[in-house]
Amino acid sequence: MLVFLKMSVSFTFLRPFARFLVPFNLHRKRRDLYSTVLQRYMSSKTPAVSCPDKERTSSEQLELDGWKITMKSSVVTQEGVSAVSSSKDEDSLAATRELIEMWRLLGREVPEHISDEDLKTIMESASKSSKRKYLKYLYVKEKMKKAKQIKKEMKAAAKEGAEKTKLLETTEEDKQQNFLFLRLWNRNMDNAMGWKGAQAMQFGQPLVFDMAYENYMQPKELQNTVSQLLESEGSNRRNVDPFHIYFCNLKKDGGYYGELVKRYGEKWDKLLLTATEKSHVDLFPKDSVIYLTADSPNVMTTFKHDKIYIIGSFVDKNMQPGISLANAKRLKLATERLPLDKYLQWETGSKNLTLDQMMRILLCLKNTGNWEEALKFVPRRKHAGCMEISQYSQEFVNQLKKSKTFNPFPKGSLNVRTKKW
Amino acid sequence: MTFRLSGFRSFPELWKNNKKVCLGLCSGNSHLSLFLLDGYGIRNQQRWFSFTTVSPQNSKALNLLNGKTRYRGKEDERNNKQVSSDSHLFAAGAAKKRSQMNPQSKDHISPPVRNTVQLPTKPLNSEEWDKLKEDFKGKANFENWISSQITHGHSSIDVAKSLLAWVAAKNNGIVSYDLLVKYLYLCVFHKQTSEIIDVYEIMKARYRRLEPGGYTLLIQGLIHSDRWREALLLLEDIKKVMIPSKKNYNDCIQGALFHQDVNTAWTLYQELLGHDLIPMLATLKAFFDFGKNIKDDQYTKKLLDILLYLRNNQLYPGESFAHSIKTWFESIPGEQWKGQFTTVQKSGQCLGCGKTLESIYLSPEEYELLKENVMSNVIDGGDQYKKTTPEELKRFQNFVKYCPPFDIVIDGLNVAKMFPKARESQVLLDVVSQLARQNLRLLVLGRKHMLRQCSRWKKDEMEKVQKQASCFFADNISEDDPFLLYATLHSGNHCKFITKDLMRDHKACLPDAKTQRLFFKWQQGHQLAIINRFLGSKITFQHILSYDTVVQTTGDSWHIPYDEDLVERSSYEVPNKWLCLHRKM
């Protein structure tokens with residue numbers, strides 16, 4: 001009851017009270033007076049700096065309201081400009097542009113320059129928050145671009161300076177030196193990697209990227225996925241013993257294909273991997289396939305060189321758990337997940353790793369079989385460190401190896417046993 | 001007490017960071033203020049210390065804070081008392097109480113107080129501002145920083161004005177937009193209408209269009225003036241780029257009502273609903289408050305429509321709104337309404353008038369709709385492999401079809417894991433046999449791994465369970481909760497289910513808010529949660545509400561649940577206080 005009473009009182013009493021505080025008429029008069037003063041100011045083109053000492057003694061109000069008049073009057077010059085533009089465009093496109101400009105004045109995170117397509121995307125986005133998010137994305141993009149530009153300029157300047165000094169120093173010593181090789185390292189490396197890739201195409205272990213998740217992803221997620229695919233292909237190419245990569249379920253008319261071709265350019269047709277519209281179950285026997293998914297109940301204990309591992313190329317920012325597990329269940333495939341909890345003290349973040357991290361882990365496992373080494377590719381921020389227990393069991397295994405010289409058990413079963421003791 | 005301790009803890013750190021400043025502080029007064037600062041606003045350290053002068057304000061602030069903590073303590077006590085032990089699972093404040101029983105979550109961090117920055121209290125002239133700017137050493141732009149401090153601290157307008165005058169003098173008489181907006185905020189906060197109008201004129205002159213933040217402030221400021229109609233024009237301007245917020249509509253409606261323009265208010269209200277916005281309760285309250293002075297059938301009908309809107313969208317008025325509703329009803333001439341604030345008995349009888357409230361059970365159509373929705377969205381969800389497999393689903397459907405309806409469906413794993421120290425199978429057997437003794441037809445849902453003999457699941461105990469109840473074991477990687485929901489829904493309205501799970505994730509799978517509300521209503525009426533804290537005693541359940549907590553009427557009576565101001569309610573809880581209105585015969 002009390003609260004209610006208070007409310008109504010404040011509502012009704014507020015207005016007359018406010019009026020009483022600031023006498024309105026007086027105020028008006030003073031403003032008129034000021035505008036004449038101001039015109040004088042404008043004509044002489046001197047900034048309207050008020051002399052504080054004098055005015056303070058006479059009246060406080062005078063000094064405090066001075067800025068208003070200049071604010072209102074400075075329009076006189078501005079109005080001419082704004083009047084022209086206001087006459088022609090009243091559509092919401094211009095309104096949105098102006099809104100963004102006002103936001104920028106407020107110090108919000110919006111881009112300085114915005115293209116018409118982006119403006120349309122913003123207008124078409126359904127909610128306020130999606131508008132804001134897209135604007136922030138553009139803002140960050142613009143900022144990065146600017147920073148890069150500045151860096152580039154600085155580098156160019158530095159290079160120029162260095163070359164100048166170099167020229168001054170080394171004008172006379174222009175003699176021949178004896179070299180064994182020409183400087184063609186990059187091309188040689190590319191060639192070598194190409195040979196290795198061709199070898200992997202013939203004899204390498206298959207590794208499948210399942211591209212069946214196109215419909216579950218937003219355009220942005222799809223772009224991220226393709227970036228990750230590019231990265232994983234790159235790290236595979238550089239490896240000593242690369243996988244033979246398959247892109248399965250890659251539809252020729254889908255978004256994946258378009259994006260991949262766009263990113264790779266003319267290199268796409270020369271890539272040493274197999275891209276196919278067929279499914280992985282058509283290419284390989286079902287019982288040799290293992291689907292890797294973080295939702296799997298089974299833990300991967302060792303890397304098997306006779307199996308075909310499948311990675312779902314799927315970036316899930318939408319929180320749709322269990323889609324890849326459902327896919328594997330549908331096709332009745334074996335599933336496995338990485339033993340992250342066994343070897344790492346997990347702290348934050350999802351257990352879903354990016355495609356390139358998966359690729360590096362698998363490559364490392366393939367070459368060394370060492371879990372500690374392989375799981376170094378898990379981002380450091382996600383875990384606190386390696387488990388000591390697994391190190392202990394590793395030592396235990398090594399001891400057994402030494403004593404028996406032959407280890408009949410697979411590593412996993414031994415680990416289980418040591419835990420139980 | 002606690003905040004002082006924490007102050008001591010971080011003292012050395014402070015000493016390290018701000019050596020210079022600590023040397024400067026030597027009076028007793030300053031030490032006090034130091035503690036105060038630590039407990040509440042470690043983030044503010046840098047800012048506060050950039051001003052080396054110490055003012056008497058600090059000790060005042062300390063007292064104020066002390067008072068605040070004391071008050072908070074009292075409030076907690078009150079809350080604890082109010083949520084008595086017999087409150088049901090979905091009662092308002094129950095979640096908070098449950099979390100308080102957890103010892104880990106006890107040390108909640110008190111919100112930082114921003115007021116520790118020492119701001120000028122009276123207008124400064126330009127030299128003083130210049131000097132202040134020299135003293136300020138921070139990353140941000142001084143003008144921006146000080147103006148946001150002034151707005152945060154709700155300083156007097158004159159201070160802000162002198163700042164603007166200083167800035168304008170430096171920049172050829174031009175004040176940037178963000179400073180203007182901050183100044184406008186301050187004017188609106190202090191309700192200085194003439195200042196607001198001045199700023200409005202300036203903005204109109206300088207900028208062709210503003211952004212929603214500026215518009216919102218202008219609308220909020222203008223509605224109390226004589227030029228309130230221009231607020232409506234500003235609202236139109238917002239509409240050109242985006243849908244106005246419910247606050248914008250609230251302000252405009254309040255303004256219209258304040259100036260007795262009822263038709264505009266109702267038009268705006270309809271527009272608000274048309275945008276699928278949920279109106280602020282303050283908006284609705286304003287209509288009721290205004291209604292007291294109006295004797296008009298049309299208006300009365302519209303107010304009753306608002307009450308039905310509350311009912312359909314399961315909204316609950318706040319305490320002051322409930323008072324407004326009561327006052328309005330009692331002010332209707334010739335109808336002699338009598339209102340009182342009461343609670344409702346477990347049996348569903350209102351303590352005020354003795355009438356029985358609406359039942360929690362769904363109507364047959366609603367029930368069918370819910371059943372279908374649970375089947376198609378929660379279990380199937382477009383991909384049967386996500387939660388189960390088609391074979392398993394078939395097996396389950398057959399199983400349910402050939403069993404007679406059950407009385408109680410038990411979430412085996414949830415019940416078994418209730419006491420972490422006891423063996424799972426034993427707990428489950430205990431619960432099942434106690435219920436079986438009451439001649440209830442039971443269904444236990446679980447997963448296949450429960451049947452494998454191990455230290456936690458004894459085979460003989462599971463066999464005993466299977467003798468006393470029907471069991472269905474899903475695959476280990478399937479989800480069991482959807483099966484639980486479907487089995488219960490399939491058995492009929494009398495069937496209940498036992499789990500402590502609040503099922504929020506499954507509720508979220510439902511397609512729209514309406515079905516989710518149906519689910520919640522059904523859940524309130526059919527979920528049994530075991531509240532035993534120790535094993536061995538007779539199991540007791542949280543009592544099930546027999547009535548629906550929603551705004552309801554029988555023509556000559558209204559029952560309106562409302563939220564108390566001092567109780568925090570989670571979204572899945574319902575209030576337990578009621579406003580009972582009936583006509584005197």
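Two strands are taken to pair if DSSP finds at least two bridges between them; strands (E, at least two residues) and helices (H or I, at least four residues) are DSSP runs, numbered from the N terminus. The structure is a predicted model, in which local features need pLDDT of at least 70, side-chain atom pairs count only at pLDDT 80 or more, and totals for chains, interfaces and linings use all residues. Residues are numbered from 1 along each chain as its sequence is written, chains are lettered from A and ligands numbered from 1 in the order in which they are written, and side-chain values use heavy atoms, with hydrogens and water left out.

In chain B, 5 strands form an open sheet with parallel pairing, in the order β4-β3-β2-β5-β6. Because β4 (470-474) and β6 (527-528) of chain B each have a single partner strand, they stand at the edges, and one side of each lacks a neighbour in the sheet. Strands β2 (residues 408-411) and β3 (residues 442-447) of chain B are joined in the parallel sense by 4 bridges, with B:Ile408 opposite B:Leu442 in β3(B). Helix α26 (residues 481-491) of chain B packs on this sheet and touches β2, β3, β4 and β5 (496-498) of chain B, contact meaning heavy atoms within 4.5 Å.

Confidence is expressed as pLDDT, the predictor's confidence in each residue, from 0 to 100. Chain B has a mean pLDDT of 81, and 82% of its residues reach 70 or more. Over residues 1-85 of chain B, pLDDT stays under 50. Where pLDDT is low, the predicted coordinates should not be read in detail. For the complex, the predictor gives an ipTM of 0.72 and a pTM of 0.72.

How values were computed. Axes are lines fitted to C-alpha atoms, for helices over the stretch in contact, and angles run from 0 to 180 degrees between N-to-C directions.
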